[in-house]
Amino acid sequence: MTETLPARSTPAPTVEDFTEEFLQEVNFGQGVDLDQASVNDLYLALARTVRKYLMVRWLDTMRVQRQSQAKSVAYLSAEYLLGRQLQNALLASQLDDIAEQALAGLGLDMTTIRNAEVEPGLGNGGLGRLAACFIDSLATLDIPSVGYGIRYEYGIFRQTFVDGWQVEQPDNWLELGAPWEFPHPEAAVTVHFGGHVEDRADDDGVTRRHWVPGWEVLGVPYNYMVPGYHNGRVNTLRLWSAKATHAFNLEVFNAGDYVEAVRAETFAENISKVLYPEDSTPQGKELRLQQQYFFVACSIRNFVDQVLPEGFDLHRLPDRVTFQTNDTHPVIAVPELMRILVDEKHWDWDEAWEVTKRCFAYTCHTLLPEALEVWPVDLLGRLLPRHLEIIYRINDQHLAALHERYPDDEMRVRRMSIVQEYPNRAIRMAFLATVGSTKVNGVAALHSQLLRDKVLNDFSDYEPDKFTNVTNGVTPRRFVRMANPALSSLITEAIGDGWVTDLERLRELEPLADDAEFRRRFREVKTFNKVRLANVLQTRNEITIPTDVMLDVMVKRLHEYKRQMLKVLHVVTVYERVLTGALDVADLTPRVVAFGAKAAPGYRMAKQIIGLINAVGRTVNADPRLEGRLQVIFPPNYNVTLAEKLIPAADLSEQISLAGKEASGTGNMKFALNGALTIGTDDGANVEIRELVGDDNFFLFGMTEPEVAETVADGYRPSSFYESNRLLRRALDLISSGIFADGDKSVFEPIVANLLYDDRFLVLADYQAYLDAQARVDKAYADPEKWTRSAVLNVARTGFFSSDRSIRDYLDRIWHATPMRIPQA
């Protein structure tokens, strides 16, 4: 059932109105005349003009929510990979045509102004992009919600290459202004750390545990608008910035100790400086935990003290909000809510625990054991001593219930303890999340099954109804409608524009896969997007690419399980066969292989692989025999802005992780929706993509998850594949020869040695199957009509992967919130 409350009028402006308001912003907002305005002045003025029209709707949304007190979703995420905001705001507010006409009337180019926007540095990879898609869909589906996170001053990092090696630079995304954020220092929240816990009698003479903190910081909220698509709703994304409670010591400054005078400010603000600080040092680990507690403490406090009305009965909190934790980063919120209810509200433990469990739901995003966070108890006890006590008590209660259920199975009880005892005492945050949540979900059908069967199998046996699946999705507004306007126009011409909010309607395109004229126009769209990408790469990176060849793309976070090395070995194999004359260049399917990936600063092997990719590319691209036939590109600092140009141009989508390691993936969905065919393993959401598009329109290869498990259990020896496969041996030997490192054999030896003697993610075992699949790709691409038919069917059959569908699944299976429409005039 959808509820509705009245709202204020928000009339659409005329072109003349918009022009006048824009000029006012140039003159009085930026303080310049139009003929003296820089491109950044024009961008800031345009952003503020557009946001005025969203702000009326934003205020309406907040007013309606205050009046209705409808159940909300509070989405807790350490990152939000938003992308540029201007075009999204224009699209959501239906001002895109009006703004373009207004600017044209002033002799200004909309594209130039749009390109001045710097993408917010608030995320890194799939986790952050998923969060951004979800808050977009929550707004579009009229769900009362608020996103909570951290306002990182310098993002994760800006990637540059020096001699092909990754070098991290600060991402100064705030440097030229941030017109989409609204700071509210008057609503700052105080967050405590350190100190000790003691017994203290309250006013009623009851002795209670009392946290005496050692230090504190302020969390200042910065609000961002999250507009729904053409529905009048504008939700809020609230990001927290850390500030010192006493930032500047004038007495110390006047005494001449200038560094000490601002020490408190520097110490506090480190918390929100960068996303995922390098944590190979004790200081880095502590900073990460500070970040996680900082943003959830601010968020819980904000919701309880500022969002809820005065006098709200917190026993009804589960009926008013679900706190959805996006992976384990925000899970410290569970003991934080318990601390507020028990220590501050003086509730009994049991009633507090019942309410807390019903307020939280947990999304697990991984299958890798090392990615399931654990925090050493000495660190947690030093930084958050009261929270550690609360976790211990939660665990004691949990273990008591387990002993009652499994009186003769002590090993099961030990396995399920929130407190890890070996090799060092630590808190298993995924276990805490599972115990402290009403629901636990995986993010693809295979992933959720593996969660139940392997990762959290004891918990699934214990509480099977707690586990569910919600397959990830992507927002069609940004990744089709905005990113691929040419394809969007073709689709809308064929089936109408309802698909933008009902992506399953893409099924109506299926009959057109057999229409020769539609296929011709579909190919024209793909060529147009390749030309557009070529122009972007030339301007952005001085990279020149042909536009009449296959574009083979692998863009994702650099991690060994994603197996960028398998793609590199394919390229090296082709190059080696050309060098030895085993492959005639004329028989080679012309292709550009495009990589995009960042490696975590402390992930040495990932950074070595980046170095190898660039070295292989440098060598291959310099060989005149391969000109127009094989090119390897790796534009640095891959982000949402580049993705919006690269994905629509792609022909082949590389989704080649080891089966059973990728939770879901969302890049695979974006590529398929934009008409790229997938070469991939049966991993993550690849399984569901293949089932929907059909085996004939998907290049499947590699071991299944059970086969992977069997191979490892049987004692996997990667060197045996090297010994038995001539092509593999020659490819690895070519890397070892130093040909890609100016003759220095030592440069990439760690990569080769790792593959030969460890190969944790079975690259060598899947190598031949991957080459065979690439041969099938070559054969299919040689038939443009057949390839295009498959591409059209990929678009038509992947409407399931809308984040709108994901959110509906969350609403049905977990949140149970009701849409609340904001009426429009």
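**Helix H27 and other spots**

Modeller: Asn-686, Val-687, Glu-688, Ile-689, Arg-690 and Val-693 are the buried residues in H27. Keep in mind that this is a predicted model.

Colleague: How many of the residues of H27 is that?

Modeller: Six of eight, so the helix, residues 686-693, is mostly covered, taking buried as under 20% relative accessible area.

Colleague: Different topic. Where is Arg-233?

Modeller: Arg-233 lies in the loop between strand E10 (215-227) and strand E11 (234-244).

Colleague: Buried or exposed?

Modeller: Arg-233 counts as buried because its relative accessibility is 2%.

Colleague: What does Arg-233 touch?

Modeller: Leaving out residues up to four places away in sequence, the contacts of Arg-233 include Thr-61, Asp-142, Pro-144, Val-226, Met-820 and Ile-822.

Colleague: Now H10 and H12. At what angle do their axes cross?

Modeller: Roughly 50°, and the axes of H10 (residues 282-307) and H12 (residues 333-344) come within 9 Å. The two helices are therefore oblique to each other. The crossing is right-handed.

Colleague: Which residues of H10 meet H12?

Modeller: Tyr-293, Val-296, Ala-297, Ile-300 and Arg-301. On the H12 side they meet Ala-333, Glu-336, Leu-337, Arg-339, Ile-340 and Glu-344. The contact residues divide into seven nonpolar, four charged and no polar.

Technical notes
Residues are numbered from 1 along each chain as its sequence is written. This is a predicted model: local features need pLDDT of at least 70, side-chain atom pairs count only at pLDDT 80 or more; totals for chains, interfaces and linings use all residues. Side-chain values use heavy atoms; hydrogens and water are left out. Buried means under 20% relative accessible area, exposed over 50%, partly exposed in between (1.4 Å probe, protein chains only). Helices (H or I, at least four residues) and strands (E, at least two) are DSSP runs, numbered from the N terminus. Contact means heavy atoms within 4.5 Å. Axes are lines fitted to C-alpha atoms, for helices over the stretch in contact, and angles run from 0 to 180 degrees between N-to-C directions. Angles under 35 degrees count as roughly parallel, over 145 as roughly antiparallel, 65 to 115 as roughly perpendicular and the rest as oblique. A crossing is left-handed if the near helix is turned anticlockwise from the far one by less than a right angle, and right-handed if clockwise. Ala, Val, Leu, Ile, Met, Phe, Trp, Tyr, Cys and Pro count as nonpolar, Asp, Glu, Lys and Arg as charged, and the others, Gly among them, as polar.
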